Amino acid sequence: MLTVDAAGKRGSDFAELSRTIKQAGLLDRRIGYYTFRLAGNALALALAVTAFVLVGNSWWQLAVAVVMGVVFTQLAFTGHDAGHRQIFQSKKGNDLVGLVHGNLLTGLSYGWWIGKHNRHHANPNHIDEDPDVDISVLAFTSEQSLTKKGIFRFITKHQAIFFFPLLLLEGFSLHVISVNAMVRRQVKGWVLEASLLAVHIVGYLVAVFLVMSPLKGVLFILVHQAIFGLYMGVSFAPNHKGMPVLTDEHQFDFLRKQVLTSRNVNGNWFTDLALGGLNYQIEHHLFPSMPRPNLRRAQALVHDFCEQHSISYAKCGLFRSYGYVLQHLHEAGAPLRGAAKLARAASR
């Protein structure tokens, strides 16, 4: 558990780091990169749709479903960038990209996601403030695990085992939550968002069952959405899960709050592409509007700055990060397993 110390109250450190980052030009827009990225997204989606049409009513469509899951996740990464205003200076330009990539193409509410994600960025890994550590089927502290009831209690008890299988349901969950946000009118501009979602849902279902038989169509949807959810989950999970969980007792400044609760994933250009730049989670949390291609250059500056100021900077390989995630989940569920052992012993 983190402790509060005097060093955590030095608010000038982030200002110093910000000046270094700005002087290096790392907050400047990268229109050329994003023009290429948007064109690449359009090409990838067009090729996937072409394959979908050409394969037709065949079991090979399950392979196409896997490809579609990957393409949809890459589209979602671009929507994430737009939500942080990494692409254009103007809010309208970013919102247009976000609505197209979110509501229209992937079927996720852009407005709902922005609200949730901004709360996460404001208080990462805070037990009471971060919606990403308030998940009904998972617990991120021992205390949180003891509040679970019914089937959620059973899942939490063995959550390290269930974690990756649960991610297969994440895509379906995001779609349901998005529709629910429209029904409850929880987002600004809900009429436009709902209209785009409706176009996506109707177009998606009509295309699937026009091309395939009902059985193949249902299996296509299951595989597509499962891969989409799994890919999204394994991309976001290494970023904070297994890192310190904060409470109101922790009074860290912005710099330390973001760095100490985030983890980077080591890699190369392929890692950057596969994880949508989320592997530079520390830099992204410190400078959310920084264009994705600038994060790699910023990493060296931020890492050196943290070393100079004795701030712990977490980074590791991708598979090692999953190990940390599972270890943390296993430890958080320990009280439930201990209680179960005591109950069995008492019944003998």
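Predicted model: local features only at pLDDT ≥ 70, side-chain atom pairs only at ≥ 80, totals over all residues.

Me: Which residues have the most contacts inside the largest nonpolar core?

Reply: That core holds 33 residues, and the ones with the most contacts inside it are Phe 52, Met 68, Phe 72, Trp 112, Val 208, Phe 220 and Phe 228. Two or more residues each come from α2, α3, α4, α5, α9, α10 and α11, with α3 giving the most, eight residues. Take Phe 52: beyond its neighbours within four places in sequence, its contacts include Val 64, Met 68, Val 208 and Phe 220. There's also a second, separate core of 20 residues, with Ile 21 and Tyr 313 among them.

Me: How do I read a helix, then? Why do the buried residues of α8 line one face?

Reply: General idea: an α-helix has 3.6 residues a turn, so residues three or four places apart point the same way. In α8, Gln 159, Ala 160, Phe 163 and Leu 167 are buried. Seen down the axis of α8, they fall within an arc of 85 degrees, so they line one face. Those residues pack against α7, α9, α11 and α16.

Me: And what about the largest pocket, which residues are closest to its centre?

Reply: Rolling a probe the size of a water molecule over the atoms shows where empty space is left. Here, the largest pocket has about 1300 Å³ of space. It is lined by 48 residues, and closest to its centre are Trp 112, Lys 116, Asp 132, Glu 170 and Leu 174. Helix α5 supplies the largest share of the lining, nine residues. By type, the lining has 22 nonpolar, 19 polar and seven charged residues.

Terms used. Residues numbered from 1 in each chain as written. Heavy atoms only, no water. Core = buried A, V, L, I, M, F, W, Y, C linked by side-chain atoms within 4.5 Å. Buried < 20%, exposed > 50% of the residue type's maximum accessible area, 1.4 Å probe, protein only. Helix = DSSP H or I, 4+ residues; strand = E, 2+ residues; numbered from the N terminus. Contact = heavy atoms within 4.5 Å. Arc of directions from axis to C-beta. 1 Å grid on protein atoms, 1.4 Å probe; cavity = no way out; pocket = protein on both sides within 12 Å on 5 of 7 lines; lining within 4 Å. Points joined across faces, edges and corners; volume = space filled by probe spheres on them. Nonpolar A, V, L, I, M, F, W, Y, C, P; charged D, E, K, R; others polar.
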